[in-house]
Structures are given as C-alpha cells and as structure tokens.
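Please read the sequence alongside the coordinates shown here. The text after them goes through the parts in turn.

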Amino acid sequence: MYPPRFRYEAPRSIDEAIALLQSGGGEAKVLAGGQSLVPLLKLRFASPELLVDINNLPGLDYHRVDADGTLRIGALCRHVDLERSTILPTRSPTMAAAAPLVADPIVRTRGTLVGSLCHADPQGDWAAVVTALGGSIVAQGPNGRRTIPVADFVTGPFQNALAYDEVAVEAVIPPAKGTVAGGYLKLERRVGDFATAGVAVALELNGSTVTRAGIGLTGVGSSTINATEAAQALVGKPLSAETRAGAAELAAAAAQPKTDHRGTAAYKRHIVATFVERILTRVDESTQLPGNGSTQRAA
Amino acid sequence: MTSLFEEIHEPAPTDVPTRRVTITVNGQRRTVEVEPRLLLAHLLRHGLRLTGTHTGCDTSNCGACTVLFDGAPIKSCTMLAVQADGHEVTTVEGLAGPSELHPIQEGFKDEHGLQCGFCTPGMMMAAKALLDRNPDPTEEEVRFALSGNLCRCTGYQNIVKSVLRAAELMRSADPAGKTTVDGWA
C-alpha cells in the first residue's frame, strides 16, 4: 500500500511549523511518531495536501518534573522513553503502568504520547491515563500558547480541539498534593491489538484517605470516558472494600461499551468493574506496606 | 545516485517533487531521490534491492519489516523514506557478511528458530535491538521484546530459544560485554 501524494516539509522550528500549517489552510497534517498517521495514509483514510514532519524540531523529546511538581511531556517524547523512565515510577505510577502496555515494543520506539492524545482514538491508552490524571495539552499557534484540559481537548472519536494552525507541543500533568498512587490495566486479545477494555486510576492520598481521584476508561465508548462519579465516590474516604466496590460499580455504569468481536457490552462492563477493583485493591495493599515501590511520595 | 521514482511507482508526472536524501544503510552512505510518500520498506526492498526486509501485513501489526533506525527497532512499512535522511538504518543484510553468520543467525540455525522464514528478518532485528541493550535477557524479557513480531509457523518456542542461544554465543564471544550499547532511545 502507498500513501496518496502529499507535499512534505520538515521544519526546524515551531514557528516555521506553524507558518507551514497556516499555509496549508486546513489541508495540512502534523507528522510526529507516525504510528497512527502513516497507516491512515496508506489505507487512504487521510489524504492531507501537506505533511509537516515535526521530528526535526529541537528540544521536544523531554519528560521532566518542574520545581513545583508539574510533569511535562514534550511532543517528541516517545512511548519507549516513558517505558524506561526513571521519573514515572515515583511521580506517576499510573503512567508507569500504562507505558509498557501501549501498542507493541517496536511501535513504542516511534510513537509519542502527545501524538496519541491528538489522534484521539477512543481505544488509545494515553487519553484515559491523562484524563485520570487531570492533565492538559499545551497548543502553540500564531498567537502564542494556550492550555486545554484533556477532557475538552478530545472532542470526539479521532477529533481534537486544535485549530488548523496549532501544534500540540506538550502534555502537562498538574502537581500532586499527597502521595501518588494508581495503575493502568488493559485487556487485549494479543499484544498490539486495540483494547477490549482499559482502566486508568490515578489517586492522591493523605495517609489512607483519598484526597483526589481520577478514573479514565479506554475502548468502552465513542471516545475516552471520564468516570467522574466513580472517582468522586472515593474522595474523602479510605480504600475500604465498600468504597472500592462502589467505585467499581459506578465506573462500570459510566462505560458505554458496544458488543463487537472483542466481547459483549455486558462482558466489557464486567472488565471495567474488575479492573477498577483490582487497581484499588493493589493500591490499598501497597499503602499498608511502607516502602513498597508501587506508591510513592509525590515529587 | 539512483533514481527510485519510476522504478517503484507508475511513471510519475514530471511535476511531482522529489527529495534527495542520504541514508547510511548497513554502514554504506546511499544518496537517493525519493518521492515523499515512498515508505522506507519500499526504498530498502525495491530501490536498494535489500529484499531481506519483508513486508507482511503492511499495517504495522506483524513486524516482518523491522529494521534498526539509529540502533532502535522500527517498522519500516510505517516510516517514510524521507524521514530517514541523515540517519542510520540496519537491515538483516547488515548483521553479517555474505559468507558468515551473526551469532543471532547462528542461534536461529542451532535452535530451528524458523520454518517458512518470512518473519525471521524482523525477529532477528528485534532480537538484535534487545541483545544490544541487554546481553543476558530472561526468557520473559525475550518474549516481551519480540511481542511486536508475529510468526504463524513456529508457535514462538524455538524463536525464543534461538534468541537465548544467540545471547549465549554473543556473551562467550565477548565475555567483557564490550559490545553492549545502551541508551539508543
């Protein structure tokens, strides 16, 4: 399969990239890791007039924690960088758990977190994770930068809130106030397949009391689901068997799965409830064992 | 300089712009004219006649087209050839000379790591990327590193054994582990 013909530019600066997008007038696409866009081009689901390859832009391959605890992931930070990160296991156990489950090891060499968020596939892992963490996307356009919460950024299946002349330059995770904990679990038929269902849970704890919670669901709706009621049911409470079961039930109710070749709607709801319960149980067990690596003080 | 343009596609209209790119393939600098939509896998196979890199699923699932890009494994059917400008690409032909076998190839020979052989170049390149970083992997680590490469013949058992055997061969050839390359990411 060949992609359709397009014009190709590989700018050396963000300003140049933005100018190219402007010149494209809505017929241009940004190429980052290319692990979704190149297959879409080959299948002729996308046929942009101009491809703006941002892989040569300097200084976008970072992921780092600012002095105030904000976690920033640059547009060219690859999945593999997050998989091997020494920062994430302590700063965000949810992200650390998700990174090795994205696609397959070879796709992870090239694909990027920010690109995955822009692609806005309802079955993409990172959108659920960043939703659970209450993160945002920083978009840069001709008039400067703006920050868009990920819940507003993903506007539908394969749709995002970027203007045609904006580049998503980084994802931002706000600082944590308590002990960070959480996880990501995904059911897939084989490595690299789209998720049958996935659950991201991100918590902040004060002692054994939950002070902030976020739950994002992968692959069980027409876009990423923010299970706010399930998350809210945890706040202000310890992770008892009762609160865990309550959150699991609410998360399953928030899912909007469809029966398909990966499973029935009822089965997918059951997976969501099981995964929420499982992640919360693991967090609860590890918080009772001081020094366990799966939950850590926030930076 | 090779013109790949008409060789690969139907004769192209003369107004379609091409780009001149220089890629180091298996240690050799190659300068070629490519149309931007040309995929790296097609440049390697059709343009440079390096047919060891296979295209299987053509949708980024199977990993038969895996090559090393600056030392890291990528699916060459999912990268544009223009994106390789100024970079290093290693294909299965780059593992060893024509009359010798790389320890990874020895491993596959010793442990019967292939049947039809279609997935083998991709498996070997994924294995190379693993062993460059981790000269003494566990069975689980081998399975994890090869989980982006599909084989429809072997059931994977002998492929995993082959990579473990290759690791052994490479360690005994280089007991100090001096060939270990880390931090390609």
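## Domains, helices and the chain interface

In this predicted model, chain B is divided into domain 1, covering 2–94, and domain 2, covering 103–173. The C-alpha centres of domain 1 and domain 2 of chain B lie 24 Å apart. Contact between the two domains of chain B involves 16 residues of domain 1 and 13 residues of domain 2. On the side of domain 1 of chain B that touches domain 2 of chain B, strand 4 (66–69) and strand 5 (72–75) of chain B each supply at least two residues. Strand 4 of chain B has the largest share of that side, with 3 residues. By class, the side of domain 1 of chain B that touches domain 2 of chain B holds 8 nonpolar residues, 8 polar residues and no charged ones.

Helix 2 of chain B, residues 40–47, is mostly covered, with 7 of its 8 residues buried. The buried residues of this helix are B:Leu40, B:Ala41, B:His42, B:Leu43, B:Leu44, B:Arg45 and B:Gly47. Just after helix 2 of chain B, B:Arg49 takes a positive phi of about 60°.

Two further helices of chain B form a packed pair. Two packed helices are described by the angle between their axes and the distance between the axes. For helix 4 (residues 120–133) and helix 6 (residues 157–173) of chain B, the axes come within 11 Å and cross at roughly 45°. The crossing of helix 4 of chain B with helix 6 of chain B is right-handed. From helix 4 of chain B, the residues B:Met123, B:Ala127 and B:Leu131 meet B:Ile159, B:Val163, B:Ala166, B:Ala167 and B:Met170 of helix 6 of chain B. The residues of this helix contact comprise 8 nonpolar, no polar and no charged.

The last topic is the contact between the chains. Here 26 residues of chain A are in contact with 23 residues of chain B. The elements giving two or more residues to the side of chain A that touches chain B are helix 2 (37–42), helix 3 (79–83) and helix 6 (105–110) of chain A. Helix 6 of chain A gives the most to that side, with 5 residues. The side of chain A that touches chain B has 13 nonpolar, 5 polar and 8 charged residues.

Notes:
Residues numbered from 1 in each chain as written. Chains lettered and ligands numbered in written order. Predicted model: local features only at pLDDT ≥ 70, side-chain atom pairs only at ≥ 80, totals over all residues. Axes fitted to C-alpha atoms, helices over the stretch in contact; angles between N-to-C directions. Helix = DSSP H or I, 4+ residues; strand = E, 2+ residues; numbered from the N terminus. Left-handed = near helix turned anticlockwise from the far one by under 90°. Contact = placed C-beta atoms within 7 Å. Nonpolar A, V, L, I, M, F, W, Y, C, P; charged D, E, K, R; others polar. Buried ≥ 20, exposed ≤ 12 C-beta atoms within 10 Å, placed from the backbone. Domains from an automatic or database assignment.
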